[in-house]
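Welcome! Please take a look at the sequence and the model shown here, and then we will walk through them together.

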2 protein chains.
Amino acid sequence: MHRLYDSAISGNAYKVRLLLHHLGIPFERIEMNVDDGSTRKPAFLKINPNGKVPALQFPDGRVLFESNAIIFYLAQGTKYWPSDRWDQGQAIQWMNFEQYSHEPTIAVVRHWIAHLGKTPQNEPLLPAKIAAGERALGVMEGHLKNHRWFAGDAYSIADIALYAYTHVAEEGGAFDLKRYPAIQDWLKRVAAQERHIAITA
Amino acid sequence: MHRLYDSAISGNAYKVRLLLHHLGIPFERIEMNVDDGSTRKPAFLKINPNGKVPALQFPDGRVLFESNAIIFYLAQGTKYWPSDRWDQGQAIQWMNFEQYSHEPTIAVVRHWIAHLGKTPQNEPLLPAKIAAGERALGVMEGHLKNHRWFAGDAYSIADIALYAYTHVAEEGGAFDLKRYPAIQDWLKRVAAQERHIAITA
């Protein structure tokens, strides 16, 4: 059976759970604590040398890490990976946008405020992180004003990647999605897909 | 002709120049200043709504942004993209590692010290960035002790993505690659590939 090194508060791990559920692939969940150093201990570094969740162990023992790489791999040959080459490039483009410009701002702000709480270390960094998160949401809103999905004409892993932290962006109170009506409509379209599951599922 | 929105100091842009050169695709370079706000002006936001270089405009006018997406797209059907599905997953894994754990630490430290200079704003953040950069180099060293390349048995876009900022990591003086002998050997293997060009070319 597939074994997912997981965290209930991680949107990155949720991407993988959501796609596994879409695909009907059963899996075992290993819940990791992402805040107490567990993922940096030698036992886990044998699973993912970069010390992060998610990591997916396949039935043959091989492991893939990096959330967007896991969903890329699982989606090959399914309807969740675009068939058109340009659309494939767009999917990778938006998934890189997500990991570089969206996750380090929107997800980190949520984690700092909603999970860890503000500290003397993180509080001075919040305004710049929030401003960068608003810019990322603005880029998404601009795209979604003219497109239903991020890569081509169908729901794909690019939408899964961006949905994971966008739909919980308001947790912590730093972001207000009411300012982004096209994003709100797209969130509803994603949640209406067959075999959708909540991040809390 | 292809038109690359480029920056001579950007390793991300260099990834695209290097692959275009490998593939023998002629292109026009549009040099952008990445530090004076030019990439956030309305004219450039029509090219890349996320306001960053590189962006590649194709002869038909379409634009792809995000360095790793551009090299993913260009490499399809060439020897620079692995043919094996597992190796493809590995390539995407390492390219995501590069954008999340390597570029924001190693490239940002280089840029802050070697290009912008230390400031009251960036100096307090340097120790944590440098420590995270050392961790990323450690992860690479661990892989390269047992593998010649990052994805499968051949040089690929995963190597290009990681080479871009690793080979200039010492600029600014924060990192010392002598501590990473397997990385040093791999850098030489990359530079020995046919049609290799320097970042300064």
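How many bridges join strand β3 of chain B to β4(B)? There are three, and the two strands, β3 (residues 55–57) and β4(B), run antiparallel. In that pairing, Gln57(B) stands opposite Val63(B) in β4(B). Strands and helices here are DSSP runs numbered from the N terminus, with at least two residues (E) for a strand and at least four (H or I) for a helix. Two strands count as paired if DSSP finds at least two bridges between them.

Before going further, please note that this is a predicted model, in which local features need pLDDT of at least 70 and side-chain atom pairs count only at pLDDT 80 or more, while totals for chains, interfaces and linings use all residues. Residues are numbered from 1 along each chain as its sequence is written, chains are lettered from A and ligands numbered from 1 in the order in which they are written, and side-chain values use heavy atoms, leaving out hydrogens and water.

**The sheet of chain B**

The four strands of chain B form an open sheet in the order β2-β1-β3-β4, with mixed pairing. Its edges are β2 (27–31) and β4 (63–65), each with a single partner strand, so one side of each has no neighbour in the sheet. From one strand to the next, the twist averages 20 degrees.

| Helix of chain B | Strands of chain B | Angle |
|---|---|---|
| α1 (residues 11–23) | packs on the sheet, touching β1 (2–6), β2 and β3 | about 150 degrees with β1(B) |
| α3 (residues 67–75) | lies across β3 and β4 | about 125 degrees to β4(B) |

**Chain A as a whole**

Chain A has seven helices and four strands. Along the sequence they follow the pattern β-α-β-α-β-β-α-α-α-α-α. The radius of gyration of chain A, taken over C-alpha atoms, is 17 Å, close to the 17 Å from the globule rule (2.2 Å times the number of residues to the power 0.38) for 201 residues, so chain A is as compact as a globular protein of that length. Its C-alpha trace spans about 50 × 45 × 25 Å along the principal axes. Of the 201 residues, 57% count as buried, where buried means under 20% relative accessible area (1.4 Å probe, protein chains only).

UniProt, in an unreviewed entry, lists residues 84–201 of chain A as "domain: GST C-terminal"; such annotations may be inferred rather than shown by experiment. Over that stretch, chain A is 61% helix and 0% strand.

**How the two chains meet**

Chain B can be laid on chain A by a turn of 180 degrees and a shift of 0.0 Å along the axis, with an RMSD of 0.0 Å. This is the relation of a two-fold axis. The superposition is by least squares on the C-alpha atoms of residues with pLDDT of at least 70 in both copies. In chain B, the residue closest to the rotation axis is Tyr100(B), at 3.1 Å (C-alpha). The copies meet through the same surface, because 100% of the interface residues of chain B are also interface residues in chain A.

Asn96(A) gives a close-up of this meeting. Asn96(A) lies in helix α4 (residues 85–116) of chain A and is buried, with a relative accessible area of 4%. Leaving aside neighbours within four places in sequence, Asn96(A) is in contact with Glu66(B), Asn68(B), Ala69(B) and Gln99(B).

Definitions and conventions:
Axes are lines fitted to C-alpha atoms, for helices over the stretch in contact, and angles run from 0 to 180 degrees between N-to-C directions. Contact means heavy atoms within 4.5 Å. Buried means under 20% relative accessible area, exposed over 50%, partly exposed in between (1.4 Å probe, protein chains only).
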